[in-house]
Amino acid sequence: MWRRKMTKTEYPGIGETLYTDTLPNGLQVCVIPKPDYRKVFAVFRHGLRGADRRFTLAGEPKNTPAGVAHYLEHKMFDMPEGNALMALEARGANPNAFTSDAMTAYHFECTDYFEENLRTLLQFVSTPYFTQESVDKERGIISQEIRMCEDSPDYRVYMNLMRCLFSHSPLRDSVAGTVESIQDITPQVLYDCHKVFYHPSNMALCVVGRADPERVIAMARELLTSEGAEKPGREYGGPEGALPEQSLSEEDMVVSAPQFFIGAKGGPLLKGAPALRERVVGSLALRCLAGTSSPFYIRLYGEGLLNGMFGCDLDYAAGESMALLGGESRDPETVLQELKKQITTVATDGFDEALFARQKKAAYGGRLRVLGSFEAMAVGLAEGLFAGFCPLDAFAVLKTVTAAECAGWAAEKLAPARLAMSVIKPKE
Amino acid sequence: MWLTCLRTDKFKNGVLSVSLLTRLCRENAAKNALIPSVLRRGTKRFPDMDALAARLDDLYGASIEPVVRKLGEIQSVGFAASFADDRFIPSGGTLLEDVAGLMGEMLLSPNTRGGLLLPQFVDSEREKLLEDIRARVNDKISYSRYRLSELMCVAEDYAVDASGTEDEAESIGYVPLTRHYHELLAASPIEIFYVGSASAERVESAMREALLALPRGELDEDIGTDIRMNTLEAETRYFTEEMDVGQGKLCLGFRLGSCMEDPDIAAIRVMNAVFGGYASSKLFMNVREKLSLCYFASSGVDILKGVMLVVSGIEFDKYDQALAEIFAQLEAVKRGEITDKELASAKASVGSALLAAADSDGALESFWLSQNVQGLEYGPEELAALVDDVTKADVIKAAQGVECDAVYFLKGTGHVEAEDDED
């Protein structure tokens, strides 16, 4: 019998231990045991993600309706013997799922019956069971979810930015689709998508909390034996260029003040150690440039151009990376101009060394804080597995990052010509 | 002044909060809410945001943020800090003392001129408070919840939001605000909370040092929440407002009634779960799963005030159907139409959420502030054990006096109901 010891990695500086293993069928498993805690968070990432609308199978191009991954996520909980959500809740677990362009993930948090809950999770994600009646019934529910999002300025300002930034990427489409597009989703479409993307080498299981790594891996081996069929080719329409499709989008809604999102495409996704380094460098550069303790933010806050709703972050999905900065302002155009000026200054002068040194300390503390959230850790591990890195290595990488590297990142990735802005203006 | 200290090695961050408790009322809510934001702009030693930001970055990105909360009809204002535990600081350190000291400076020695809070700080933060208050309308779901509370409790202080009202906020000047700040410091009972690896002695000594200059006058002990047992009028009140939205937001407000005379908190939590507290609840299983009327339909209880709110998002013309189903499900709970499986699942869910809260520093902080305000001494684990003992009879008893006081519906502009649509 195939047998290999799982890998154990210690992170003494931050007090974490990581166990990893790859099953014969290609499934990757990560466990961070937390014996001092009662709770456990487990996430099982499926192969199909929001951006996977078009793909090739045996050389044949396939096209599915917008929102299919999200629809599948809703219906995965149905099992021949009943609803898996209810089975998990009956044991006190708190189960849920989400679909983004980067992943579809099914997860639960629990304080008791971890192994029973894990068994249920692994089984329902592996068991497609869709009836015409249940698929039809879900349409009303998902339609209301779509309507709820459409009433949200946060969602609209984000979607409009995606349409500014990207020319052809599936990121232009809403993950949930539209009330119209989901009319074409049938049980057969869901069965097909589940089958095509249910490929263990496309999937990952990550657990953080009071769990025994040996048991988690043994259960995954026992329950996930499928070797998977042919791996589908993802079709996102080729890499995007560096410049945005359009530089500005404006829309009116009932809001108290303009809501804005500024973004830039960062180029194709990297893999492995360079991918992790790029993330550590990029987030530290954003912190130095426009974080809540940066001179830029403090100045605009003092001038009444920004308030506490402002934030910035990096995002990675559908083969693309991007930087996003957003919030509320009475004058988003001035914020954009000021940001461009700041970027130009950084491109010429770099970051101040004293500012950089303290921001680096703060970044360490910020990363330490994330370790307090089992959910953020488990989802971060699942994301890292597919990009070929472990997020816990970020602490070591951070130590080696230089001010010049961060300034170079900002100058290149946030070059003024690459920026686009989406604004939701108050309706008159 | 009260200190709640939880010593544990399991968290990598410490959480420290200082909460000044005062009566929630329309006249003062905005002023109270503004105070911590103004104090956060600069201290004598760190006179502006740049200096404070540099100091906090240097403390490994410790955060000290203004926190304004509504606990029934008590307004809690103060600061909450989160900071790396000394064990994980590469160079070692005394972050607890540093953070406690800085929080004390923010609270007691702000940057002033002639003893008055700086007008530029007050003006700037007042504008931000106004922006926050006006931004309530942006999230249509929480806006509907806010409007319902305001309309339902029109005769009670509970109608006021934690950040106050626009009218009150607009007129705040720096001189009266300085006076109000001194009154708040002198008269408010103070709750201090800490969870982390430091001993209680160390926390107490750090806080004594940090709050040495606290001026104390006669404490306002007469704060608390007036629990209304019945609905305001004999019949449920119905409110409808219009806005440019694509989905209707339906909000129902209930008085818990008789069970609030001697509240069995565990039973009330289980009752709420059975009715609409999670995905296996009656509301979720019927309004969403059976009738496909919505994506979300859930209930939540504010035990401090004895009210329960139900919120859902529906098509405009499904109003009558959704309302009828929500009422029908409440009646089913009252009649005790609860299967053993429903009860067991609800208890497991409520109990497990409490045990998980004991594993989260932030959840522990808000749990204990709420317990302390109610004068309750048990922790989440003890409450979970009480939940385990809840019977069906307890749930029926908790639901018995529940009455709908007000219904609020936010619908699309100019939407006409089908039956009124005459060709």
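Mentor: Welcome! Two strands pair if DSSP finds at least two bridges between them. Keep in mind that the model we are looking at is predicted.

Trainee: How many bridges join strand β15 of chain A to strand β16 of chain A?

Mentor: Look at residues 311-317 for β15 and residues 320-328 for β16, both in chain A. These two strands run antiparallel. At least two bridges are needed for a pair, and the number joining these strands is 7.

Trainee: Which residue of β16(A) is the bridge partner of A:Asp315?

Mentor: Stay with the hairpin of β15(A) and β16(A), which has 2 residues between the strands. There, A:Ala318 takes a positive phi near 50°. Across in β16(A), the partner of A:Asp315 is A:Met322.

Trainee: Which element gives the largest share of the side of chain B that touches chain A?

Mentor: Good one! Here 54 residues of chain B are in contact with 54 residues of chain A. Elements giving two or more residues to chain B's side include α2, β4, α4 and β11 of chain B. The largest share, 10 residues, comes from α12(B).

Trainee: And how many residues of that side of chain B are charged?

Mentor: Sort them by kind: 25 are nonpolar and 14 are polar. The charged ones number 15.

Trainee: What span is expected for helix α5 of chain B at 1.5 Å a residue?

Mentor: This helix covers residues 140-152, which makes 13 residues. Its buried residues include B:Tyr143, B:Leu148 and B:Met152, and among the elements covering the buried residues are β8 and β12 of chain B. From first C-alpha to last, α5(B) reaches 18 Å, close to the expected 18 Å.

Conventions. Residues are numbered from 1 along each chain as its sequence is written. Chains are lettered from A and ligands numbered from 1 in the order in which they are written. This is a predicted model: local features need pLDDT of at least 70, side-chain atom pairs count only at pLDDT 80 or more; totals for chains, interfaces and linings use all residues. Two residues are in contact if their C-beta atoms, placed from the backbone, lie within 7 Å. Helices (H or I, at least four residues) and strands (E, at least two) are DSSP runs, numbered from the N terminus. Ala, Val, Leu, Ile, Met, Phe, Trp, Tyr, Cys and Pro count as nonpolar, Asp, Glu, Lys and Arg as charged, and the others, Gly among them, as polar. The expected span of a helix is 1.5 Å times one less than its number of residues. A residue is buried if 20 or more other C-beta atoms lie within 10 Å of its own, exposed if 12 or fewer, and partly exposed in between; C-beta atoms are placed from the backbone.
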